[in-house]
Amino acid sequence: MDTQNPSAPPRAQSAPADNPTRTRRHGGGITHDNTRHTTRFVVIGNHLVQHKELSLLAIGLSCHLQSLPTGAGADIKSLAARFPEGPTRIAAALRELEAHGYLRRERHRTQTGRIVTRTVSCNQPHASRREPVDTGCPPAKRTPPPQRRTVQKSLPAVPQPISSAPALLQTAIDLLATLRRHDPRLLLSATETAHLVPGVAAWLERDVAPGAVRHALTIGLPDEPLRRPAALLAHRLTDRLPPPPPFRTQSAAAVPPPRHPLQNCEGCDRGFRAPESESHCRDCRAAVASLP
């Protein structure tokens, strides 16, 4: 029985892709039959056609795009109508070219206000980053990303006063305006002040002095920054609202004396006020009383 050579490879091995000289040494590989182009040609760089990361479809598509005249259709729909690969594969190839800098897609606003997409084919991506390709189009206007609108929560309700006297409301406004002197964090806007004024007025009409109201609103504030100082004040105005003052009965000493009718004295005909039972004024009554 024949003896096998253990060092012989079990099957023929192809040349490594990164070492084409082995194939050339054995007489294989490609040869070129070139004729110099004088018309209808485009110059394609080896950095594209020998790109190690791009797919063959992306390389071929980039070559086609570089050969198109300015203004020719280069969108997915136009390319899918021209080639059999279909929109899905063409879209993937365009994304490859865009990722490696061989393609840019920019949005432009025309003079009529219409938004159009311009496809820019770059034959040298690194050079085009330093000097943008002149497409003859106006510079692209970047559309700013939509801003997230912050919804401001409404302030808590505050107590409402019974009286709407201007002096009472003005005192409440002045009190709120001076809170920032005690704590700079209590700087209120005009809208926030207008919302809190009725609550402060409700305290004032309950016989609470302005200094006591100010103390109740500013005492014991947290040390950390106040996110919504007006909301905190509205909560305190409601949560710490004192009860109404006790009802005061009017004493007898405070009752004004009765107003007697005006009549003429029967002795001197002088006018005086006295109960109807009196017919003489005080002087005439004293003179009569002094007689023996």
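Here is a short tour of a helix pair, a histidine and some salt bridges in this predicted model.

**Stop one: two crossing helices.** Select helix α7 (residues 166-177) together with helix α9 (residues 190-204). Their axes come within 8 Å and cross at roughly 115 degrees, and the crossing is right-handed. Now show side chains. On the α7 side, the contact is made by L168, L169, T171, A172, I173, L175 and L176; α9 brings T193, L196, V197, V200, A201 and L204. Colour this contact by class and you will find eleven nonpolar residues, two polar ones and no charged ones.

**Stop two: a histidine.** Next, go to helix α3 (residues 56-67) and pick H64. Is H64 buried or exposed? It is buried, because its relative accessible area of 18% falls under the 20% limit. Setting aside neighbours within four places in sequence, H64 is in contact with L79, R82 and F83.

**Stop three: salt bridges.** The count comes to five, and three of them are worth a visit.

- Select R185 and D183: their side chains meet in a salt bridge, 2.9 Å from N to O. R185 is partly exposed at 27%, whereas D183 is buried at 12%.
- Move on to D283 and R270, with their closest N and O atoms 2.7 Å apart in a salt bridge. D283 lies in helix α12 (residues 282-290) and R270 in the loop between β3 (262-264) and β4 (271-273), so this pair ties together parts 13 residues apart in sequence. D283 is partly exposed, at 44%, and R270 is partly exposed too, at 39%.
- Finish with R285 and E278, whose salt bridge spans 3.6 Å, N to O. R285 is partly exposed at 34%, and E278 is partly exposed at 30%.

How values were computed. Residues numbered from 1 in each chain as written. Predicted model: local features only at pLDDT ≥ 70, side-chain atom pairs only at ≥ 80, totals over all residues. Heavy atoms only, no water. Axes fitted to C-alpha atoms, helices over the stretch in contact; angles between N-to-C directions. Helix = DSSP H or I, 4+ residues; strand = E, 2+ residues; numbered from the N terminus. Left-handed = near helix turned anticlockwise from the far one by under 90°. Contact = heavy atoms within 4.5 Å. Nonpolar A, V, L, I, M, F, W, Y, C, P; charged D, E, K, R; others polar. Buried < 20%, exposed > 50% of the residue type's maximum accessible area, 1.4 Å probe, protein only. Salt bridge = Lys/Arg side-chain N within 4 Å of Asp/Glu carboxyl O.
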